[in-house]
Number of protein chains: 2
Amino acid sequence: MERQLRIIVPFKFNGAKGRLSSALTPDQRKELSFAMLRDVLSTVREFGRVTILSRPGLKAEDVGRDVDILESDLDLNDALNDLIEMQAELGWPSDILIVMADLALITRDTVKGILDCQGDVVFCPGRGGGTNMILIRNCIFRTCYQGRRPSFLENLEFSRRSGLSAAVYESFRAGCDIDVPEDLVEVLLHGRGEARRLLEGWGLR
Amino acid sequence: MERQLRIIVPFKFNGAKGRLSSALTPDQRKELSFAMLRDVLSTVREFGRVTILSRPGLKAEDVGRDVDILESDLDLNDALNDLIEMQAELGWPSDILIVMADLALITRDTVKGILDCQGDVVFCPGRGGGTNMILIRNCIFRTCYQGRRPSFLENLEFSRRSGLSAAVYESFRAGCDIDVPEDLVEVLLHGRGEARRLLEGWGLR
């Protein structure tokens, strides 16, 4: 039987993408953030119920229908682990896939790729040691986005210490989160959605 | 019948990796370049005859046995296309796989991945629009590493204009060429060879 999947997309709508400030105005950064989010949502939504994890104040009309918004005042890591604990208390009705909102290049195949990996938990590394997607099949896992070392190492280490089987899913597209001006060219070269059209509309090439 | 493969690894031994100068001394950059080259060679060598394409002066003892060195005074693009033309004149005795010498993360599976792709030519994109590997199965292809636009686009465009079927092989590991200080963490996190041990030996973490 195929397991149910719940997809969590953490999203920061306020002051997002500050490291793009040398290339884009605050309004452009906000617009790009939402465009990337909508690209991610339209890619992942066929795989399960989608929840955007956000600070309070995100407007439903900005993110489209068919998606839940879960507001939290906690920082990213605590908010994610609260959510994991809630699912655990409910008897783990579905696995959890965490997908960062700035993965502007991911496609259906990228998502299928991580879902096809074995393991209690599957990590998809981003550039610089980030963890851009996490597939969680075991309720004792907790995300480690705020440790001393890169989250990819912290997440692997947590799994090891907890006796969980961890797999790594390496993906060119999911490895590419859009953080700094140099990343914009990746959207222009490899993107297929709203974010790319937005950048092209601004005359970026 | 399996087709023969000739693997070309372009390598710059003089003044290599200048963009790492804020993080590494000239000697360290040279040492790292050679370590990455040897990692690449040891990964690709099982797939075919390997030729290092280099400016004159590369010493055989620095790169190990079982590998040819082809010296050329031409720039990268012309040297590669000379080589392709020579193969074409010989009746294309083998396909050609070009692999950049700074792909410190590639594994056997990475190489298998591109070889498994269909197409007259297969491009593996690097960060920023580079083309980190090219598999050439048709003798009319010419590399486009010195165009106006990123080589990935130029190579695709050349294929289209020439009526060649082009495929794209996306790989987290092969997408990661080591050019700037921020890339070193990728070697430390995901590398498995000499380059990683070298960086660790220098106290990088």
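How close do the axes of helix H1 and H7(A) come, and at roughly what angle do they cross? Let's find out in a predicted model, where local features need pLDDT of at least 70, side-chain atom pairs count only at pLDDT 80 or more, and totals for chains, interfaces and linings use all residues. Residues are numbered from 1 along each chain as its sequence is written, chains are lettered from A and ligands numbered from 1 in the order in which they are written, and side-chain values use heavy atoms, with hydrogens and water left out.

**View 1. Helix H1 (residues 26-44) of chain A meets H7(A).** Their axes come within 7 Å and cross at roughly 150°. That makes the pair roughly antiparallel (angles under 35 degrees are roughly parallel, over 145 roughly antiparallel, 65 to 115 roughly perpendicular, the rest oblique). Axes here are lines fitted to C-alpha atoms, for helices over the stretch in contact, with angles from 0 to 180 degrees between N-to-C directions. Helices are DSSP runs (H or I, at least four residues), numbered from the N terminus. Among the H1(A) residues in contact (heavy atoms within 4.5 Å) are Leu32(A) and Met36(A), while H7(A) brings Leu198(A) and Leu199(A), among others.

**View 2. H6(A) packs against H7(A).** Helix H6 covers residues 181-190 and helix H7 covers residues 194-201. Here the angle is about 110°, with the axes 9 Å apart, so H6(A) is roughly perpendicular to H7(A). Leu184(A), Val187(A), Leu188(A) and Leu189(A) in H6(A) meet Ala195(A), Arg196(A), Leu199(A) and Glu200(A) in H7(A).

**View 3. His190(A) touches residues of both chains.** You'll find His190(A) in helix H6 of chain A. It is buried, at 4% relative accessible area (buried is under 20%, exposed over 50%, partly exposed in between, using a 1.4 Å probe and protein chains only). Leaving out residues up to four places away in sequence, His190(A) touches Leu105(A), Phe172(A), Arg173(A), Pro125(B) and Phe152(B).

**View 4. Cysteines, but 0 disulfides over all chains.** A disulfide needs a pair of cysteine sulfur atoms within 2.5 Å. For Cys176(A), the nearest cysteine sulfur, in Cys124(A), is 11 Å away. Cys117(B) has its closest cysteine sulfur in Cys124(B), at 8.9 Å, too far for a bond.

Terms used
Helix = DSSP H or I, 4+ residues; strand = E, 2+ residues; numbered from the N terminus.
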